[in-house]
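Please look over the structure shown here before reading the points that come after it.

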Amino acid sequence: MFYTGCNVLKTPHIALLALDIMDALSVSYEVLGGPNHCCGVVQMRAGDVATSGRFAESTMDKLARSKSGQVISWCPSCHVQFTETTLPTVEKLRGARPFEMTPFMLFLRGKLDRLRSLLRQRVPMRVALHRHPGIKGAVEAAEDILRAVPGVELVDLKQPAVGLMSNYFRALPAYQKNELDAAERAGIDALVAVYHADHRELCAHERDYPFRIMNVLEIVGAGMGLARDDQFKRLKKLQDVDSIMADCADLIARHNLDVAATRQAVQAMLEEQPLPLRGNARAEAEAVAEPRAIE
């Protein structure tokens with residue numbers, strides 16, 4: 001059972017690459033995820049323990065259909081919610097856990113011998129990993145996987161690594177700026193994140209820095225001859241609601257989306273930018289510095 005969680009669906013190229021890689025590894029799996037299969041972490045954070053428990057139990061019972069007793073998790077928040085809250089509670093009440101949960105990076109590293117035989121394409125890139133050590137072993141697994149891709153040189157930016165994902169540190173934009181500036185000084189080809197939330201917050205900075213913002217699965221996919229278009233990054237780099245709405249007009253019409261609600265969603269996507277883009281920051285600074293005309 002491959003459990004995507006909810007929010008990786010905002011960046012579907014990441015989830016699709018995970019499925020492509022499992023297909024290439026001849027892994028038999030079923031996919032579960034999206035808002036209808038919530039882990040309950042959002043409700044837990046809001047203090048609504050009862051609703052959180054109902055959501056988690058419903059999703060848990062569906063995940064328990066796994067014939068192997070193993071669930072592969074993508075989202076670190078979901079992983080923590082289940083492994084540290086839901087499953088231990090259920091084990092106390094029922095006497096056993098319905099399944100064990102393994103982070104995708106650890107699962108993939110467990111298949112590394114088989115994966116190496118599929119990494120036939122050379123990817124000549126100097127890359128640095130955006131690191132969050134909240135899931136034990138996930139960063140190290142990602143590093144081992146990147147080193148297995150022919151042509152990849154892994155660069156250590158000597159930056160602190162904390163927490164689960166970038167969205168846990170939105171009050172500390174300097175954390176991202178220091179890393180982006182260090183990446184620029186190091187002359188890397190790409191800053192590579194593991195998780196979807198990191199990608200959402202970092203990807204638009206690609207327009208202002210001389211390196212790409214990528215997900216680790218894009219690098220692995222390139223080594224396997226696999227690719228998925230990163231439409232989220234392409235749209236977010238536009239940095240204009242009207243331009244994005246025009247770009248997506250055919251999809252909005254095809255799926256009969258409410259235009260006003262879609263515009264609000266696009267605006268929310270652009271506002272998910274804790275560290276202002278360089279261009280925006282320059283414009284703001286110039287506006288402040290420019291002397292005002294005397295009326």
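1. The model is a predicted one, and its open sheet has 4 strands in the order E2-E1-E3-E4, paired in parallel. Strand E2 (31–33) and strand E4 (100–103) are at the edges, where each has a single partner strand, so one side of each is left without a neighbour in the sheet. From one strand to the next, the twist averages 30 degrees.

2. Strand E3 (residues 70–73) and E4 run parallel and are joined by 4 bridges; among the residues involved, Gln 70 has Glu 100 in E4 as its bridge partner.

3. Helix H3 (residues 49–63) packs on the sheet, where it touches strand E1 (2–5), E2, E3 and E4, and its direction makes about 180 degrees with that of E2. H4, for its part, lies across E1, E3 and E4, and runs at about 155 degrees to E4.

4. The count comes to 3 cavities of 30 Å³ or more. The largest cavity has a volume of about 70 Å³, and its lining includes Leu 129, Arg 131, Asp 156, Lys 158 and Tyr 175. By class, that lining holds 4 nonpolar, 1 polar and 4 charged residues.

5. The second largest cavity has a volume of about 50 Å³, and among the residues lining it are Trp 74, Cys 75, His 79, Phe 104 and Tyr 195. Helix H4 (76–94) and helix H5 (104–110) are the elements that give two or more residues to this lining, which by class has 10 nonpolar, 2 polar and no charged residues.

Technical notes
Residues are numbered from 1 along each chain as its sequence is written. This is a predicted model: local features need pLDDT of at least 70, side-chain atom pairs count only at pLDDT 80 or more; totals for chains, interfaces and linings use all residues. Side-chain values use heavy atoms; hydrogens and water are left out. On a 1 Å grid over the protein atoms alone, a cavity is a set of points where a 1.4 Å probe fits but cannot get out, and a pocket is an open set with protein on both sides within 12 Å along at least five of seven lines; lining residues have an atom within 4 Å of a point. Grid points are joined across faces, edges and corners, and a volume is the space filled by probe spheres set on the points. Ala, Val, Leu, Ile, Met, Phe, Trp, Tyr, Cys and Pro count as nonpolar, Asp, Glu, Lys and Arg as charged, and the others, Gly among them, as polar. Two strands pair if DSSP finds at least two bridges between them. Axes are lines fitted to C-alpha atoms, for helices over the stretch in contact, and angles run from 0 to 180 degrees between N-to-C directions. Contact means heavy atoms within 4.5 Å.
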